[in-house]
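The tour moves from a helix pair to a core and then to a loop.

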Amino acid sequence: MKASYQWIKDYLPAWEGSAEEMAERLTLTGTEVEEIVPVGEDRQLDVGVTSNRVDSLCHLGLARELAAATGAMLRPPEAEVAARGGPTAEVVSLEVAAPDLCP
(Lines give C-alpha, C1' and ligand atoms only; values in the text may rest on other atoms or scores of the structure.)
Protein backbone atom coordinates (compact mmCIF):
# COMPACT_ATOMS: atom_id res chain seq x y z
CA MET A 1 0.00 0.00 0.00
CA LYS A 2 1.26 3.48 -0.80
CA ALA A 3 1.04 6.00 2.05
CA SER A 4 1.93 9.68 2.25
CA TYR A 5 4.43 10.66 4.94
CA GLN A 6 2.80 14.11 5.18
CA TRP A 7 -0.72 12.69 5.56
CA ILE A 8 0.40 10.39 8.38
CA LYS A 9 2.11 13.36 10.05
CA ASP A 10 -1.19 15.27 9.91
CA TYR A 11 -2.54 12.77 12.45
CA LEU A 12 0.61 13.03 14.61
CA PRO A 13 1.14 16.76 15.28
CA ALA A 14 4.15 16.23 17.56
CA TRP A 15 6.01 13.90 15.13
CA GLU A 16 9.38 15.43 14.30
CA GLY A 17 11.09 12.40 12.84
CA SER A 18 11.97 11.84 9.22
CA ALA A 19 10.22 9.53 6.80
CA GLU A 20 13.05 7.05 7.35
CA GLU A 21 12.50 7.12 11.12
CA MET A 22 8.78 6.66 10.58
CA ALA A 23 9.46 3.68 8.31
CA GLU A 24 11.81 2.16 10.88
CA ARG A 25 9.23 2.51 13.68
CA LEU A 26 6.48 1.00 11.56
CA THR A 27 8.74 -1.89 10.55
CA LEU A 28 9.57 -2.55 14.22
CA THR A 29 5.84 -2.90 14.94
CA GLY A 30 5.51 -5.56 12.24
CA THR A 31 4.17 -3.24 9.55
CA GLU A 32 7.05 -3.43 7.10
CA VAL A 33 7.87 -0.41 4.99
CA GLU A 34 9.45 -1.81 1.85
CA GLU A 35 10.47 1.44 0.15
CA ILE A 36 10.41 5.23 0.50
CA VAL A 37 9.98 7.21 -2.72
CA PRO A 38 10.19 11.02 -3.04
CA VAL A 39 7.01 12.46 -4.59
CA GLY A 40 7.24 16.22 -5.00
CA GLU A 41 7.54 17.77 -1.53
CA ASP A 42 6.30 14.55 0.11
CA ARG A 43 7.69 11.04 0.66
CA GLN A 44 5.69 7.94 -0.26
CA LEU A 45 5.98 4.92 2.01
CA ASP A 46 5.35 1.56 0.35
CA VAL A 47 3.88 -0.42 3.23
CA GLY A 48 3.54 -4.21 3.09
CA VAL A 49 0.26 -4.95 4.84
CA THR A 50 -0.56 -8.55 5.73
CA SER A 51 -4.10 -9.92 5.61
CA ASN A 52 -4.40 -9.89 9.41
CA ARG A 53 -3.59 -6.15 9.67
CA VAL A 54 -6.42 -4.47 7.81
CA ASP A 55 -6.25 -1.68 10.40
CA SER A 56 -3.07 -0.58 8.61
CA LEU A 57 -4.77 -0.07 5.25
CA CYS A 58 -5.24 3.66 5.75
CA HIS A 59 -3.24 6.69 6.85
CA LEU A 60 -5.11 6.95 10.15
CA GLY A 61 -4.41 3.28 10.91
CA LEU A 62 -0.71 3.77 10.30
CA ALA A 63 -0.71 6.91 12.46
CA ARG A 64 -2.53 5.02 15.21
CA GLU A 65 0.12 2.29 15.06
CA LEU A 66 2.90 4.88 15.37
CA ALA A 67 1.14 6.61 18.27
CA ALA A 68 0.83 3.31 20.11
CA ALA A 69 4.48 2.43 19.47
CA THR A 70 5.95 5.81 20.38
CA GLY A 71 3.51 7.34 22.86
CA ALA A 72 2.93 10.23 20.45
CA MET A 73 -0.38 12.08 20.64
CA LEU A 74 -2.83 10.98 17.94
CA ARG A 75 -5.10 13.64 16.43
CA PRO A 76 -7.94 11.78 14.71
CA PRO A 77 -10.04 13.64 12.16
CA GLU A 78 -13.04 15.53 13.45
CA ALA A 79 -16.32 13.94 12.49
CA GLU A 80 -19.70 15.53 12.67
CA VAL A 81 -22.79 13.37 12.94
CA ALA A 82 -26.10 14.98 12.11
CA ALA A 83 -29.16 13.64 13.89
CA ARG A 84 -31.87 12.58 11.47
CA GLY A 85 -35.29 11.06 11.83
CA GLY A 86 -37.28 10.50 14.95
CA PRO A 87 -36.55 8.74 18.22
CA THR A 88 -34.75 5.41 17.96
CA ALA A 89 -37.62 3.64 19.72
CA GLU A 90 -39.80 4.38 16.71
CA VAL A 91 -37.37 2.65 14.36
CA VAL A 92 -36.17 -0.39 16.33
CA SER A 93 -37.41 -2.47 19.21
CA LEU A 94 -35.54 -4.63 21.66
CA GLU A 95 -36.67 -7.59 23.72
CA VAL A 96 -34.42 -9.13 26.35
CA ALA A 97 -35.10 -12.88 26.12
CA ALA A 98 -33.13 -13.75 29.27
CA PRO A 99 -33.28 -10.80 31.71
CA ASP A 100 -31.56 -12.85 34.41
CA LEU A 101 -28.49 -13.19 32.14
CA CYS A 102 -28.63 -9.61 30.88
CA PRO A 103 -29.92 -7.31 33.62
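Select Met22, Arg25 and Leu26 in α2 together with Leu62, Glu65, Leu66, Ala69 and Thr70 in α3: these residues meet, contact being heavy atoms within 4.5 Å. By class, this contact of α2 with α3 has five nonpolar, one polar and two charged residues. Ala, Val, Leu, Ile, Met, Phe, Trp, Tyr, Cys and Pro count as nonpolar, Asp, Glu, Lys and Arg as charged, and the others, Gly among them, as polar.

The model is predicted: local features need pLDDT of at least 70 and side-chain atom pairs pLDDT 80 or more, whereas totals for chains, interfaces and linings use all residues. Numbering starts from 1 along each chain as its sequence is written, and side-chain values use heavy atoms, without hydrogens and water.

Next, display the helices whole, α2 as residues 19-28 and α3 as residues 59-70. Their axes come within 10 Å and cross at roughly 80 degrees; α2 and α3 are therefore roughly perpendicular (65 to 115 degrees).

Now select Ile8, Leu12, Met22, Leu26, Leu45 and Leu66, which touch the most other members of the 16-residue largest nonpolar core. Such a core joins buried (under 20% relative accessible area) Ala, Val, Leu, Ile, Met, Phe, Trp, Tyr and Cys residues through side-chain atoms within 4.5 Å. At least two core residues come from each of α1 (5-11), α2, β3 (42-48) and α3.

Finally, go to Threonine 31, in the loop between α2 and β2 (32-39). Threonine 31 is buried, with a relative accessible area of 2%. Beyond four places away in sequence, Threonine 31 touches Leu26, Val47, Arg53, Ser56, Leu62 and Glu65.

Definitions and conventions:
Axes fitted to C-alpha atoms, helices over the stretch in contact; angles between N-to-C directions. Helix = DSSP H or I, 4+ residues; strand = E, 2+ residues; numbered from the N terminus. Parallel < 35°, antiparallel > 145°, perpendicular 65-115°, else oblique. Buried < 20%, exposed > 50% of the residue type's maximum accessible area, 1.4 Å probe, protein only.
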